[in-house]
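Student: Let's go through this structure together. Please take my questions one at a time, and give the cut-offs as we meet each term.

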Amino acid sequence: MKIKNFALLVGATGLLAGCCGSHIVEPTDLNNQRVFFDFNSSEITEDANNNLLGQSLYMKHHEDVKVQIAGNCDERGSTEYNLALGARRANAAKKVLVNDGIDAKRISTISYGKERPLVSGTGEKVWKYNRNATTTVK
């Protein structure tokens with residue numbers, strides 16, 4: 001009886017994992033693919049990870065493609081601090097691609113800090129879009 005219950009539990013767990021698992025979609029183009037970050041963070045979120053794995057899938061299907069990942073920040077903080085944070089964000093995104101099997105030589109990184117905001121203005125409604133790593137084809 002216990003084995004039967006265990007089998008049912010394992011089956012239910014498998015169903016839940018299948019319906020609620022990660023959703024990885026290969027983009028049709030890598031230009032301006034963006035992953036977003038929390039304030040003062042270069043940690044890859046689950047959504048960002050899924051986006052990057054989709055980018056990796058694209059790169060696996062297009063072996064001639066090389067990309068640049070640009071790290072960006074919101075307007076808060078000094079120029080020097082934001083350049084360093086932008087570099088950490090770009091490198092964190094690159095690490096996901098490399099860990100998924102993409103040759104590191106195909107990926108360059110750059111940091112623009114707070115110098116190239118995606119959205120103009122101030123406040124969290126704007127800042128959340130400016131904290132990103134943007135992938136473009138080179």
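Student: Which residues line the largest pocket?
Tutor: A pocket is an open set of points on a 1 Å grid over the protein atoms alone, where a 1.4 Å probe fits and protein lies on both sides within 12 Å along at least five of seven lines; lining residues have an atom within 4 Å of a point. The lining of the largest pocket consists of Arg34, Gln68, Ala70, Asn72, Tyr112, Arg116, Pro117, Leu118, Asn132, Thr134, Thr136 and Lys138.

Student: Good to know. What should I keep in mind about the model itself?
Tutor: Residues are numbered from 1 along each chain as its sequence is written, and side-chain values use heavy atoms, leaving out hydrogens and water. The model is predicted, so to speak with care: local features need pLDDT of at least 70, totals for chains, interfaces and linings use all residues, and side-chain atom pairs count only at pLDDT 80 or more.

Student: How much space lies in the largest pocket?
Tutor: β2 and β4 each supply at least two residues of its lining. Grid points are joined across faces, edges and corners, and the volume is the space filled by probe spheres set on the points. For the largest pocket this comes to about 200 Å³.

Student: What pattern does the protein follow along the sequence?
Tutor: Helices (H or I, at least four residues) and strands (E, at least two) are DSSP runs, numbered from the N terminus. The protein has four helices and four strands. Read along the sequence, they follow α-β-α-β-α-β-α-β.

Student: What share of the 138 residues counts as buried?
Tutor: Buried means under 20% relative accessible area, exposed over 50%, and partly exposed in between, using a 1.4 Å probe and protein chains only. By that rule, the buried share of the 138 residues is 35%.

Student: Which residues does isoleucine 107 touch?
Tutor: Contact means heavy atoms within 4.5 Å. Leaving aside residues up to four places away in sequence, isoleucine 107 touches Met59, Val67, Ile69, Lys94, Leu97, Val98 and Ile102.

Student: How far apart are the end C-alpha atoms of α2?
Tutor: The expected span of a helix is 1.5 Å times one less than its number of residues. The 16 residues of α2 should therefore span 22 Å, and this agrees with the separation of its end C-alpha atoms, 23 Å.

Student: Which elements do the buried residues of α2 pack against?
Tutor: The buried residues of α2 are Ala48, Asn50, Leu52, Leu53, Gly54, Gln55, Ser56, Tyr58 and Met59. They pack against β1 (33-36), β2, α3, β3 (107-113) and β4 (132-137).

Student: Is asparagine 51 buried or partly exposed?
Tutor: Asparagine 51 is found in helix α2. Its contacts, not counting residues up to four places away in sequence, are Gln33, Arg34 and Val35. Because its relative accessible area is 22%, asparagine 51 is partly exposed.

Student: What is the relative accessible area of valine 126?
Tutor: Valine 126 sits in helix α4 (residues 124-130). It touches Val119, Ser120 and Gly121, not counting residues up to four places away in sequence. Valine 126 counts as buried because its relative accessible area is 12%.

Student: What is the phi of asparagine 32?
Tutor: Asparagine 32 is found in the loop between α1 (2-20) and β1, and at 45% relative accessibility it counts as partly exposed. Its phi is positive although the residue is other than glycine, with a value near 65°.

Student: And what is the phi of asparagine 40?
Tutor: Asparagine 40 is placed in the loop between β1 and α2, and it counts as partly exposed at 42% relative accessibility. Asparagine 40 is not a glycine, yet its phi is positive, at about 55°.
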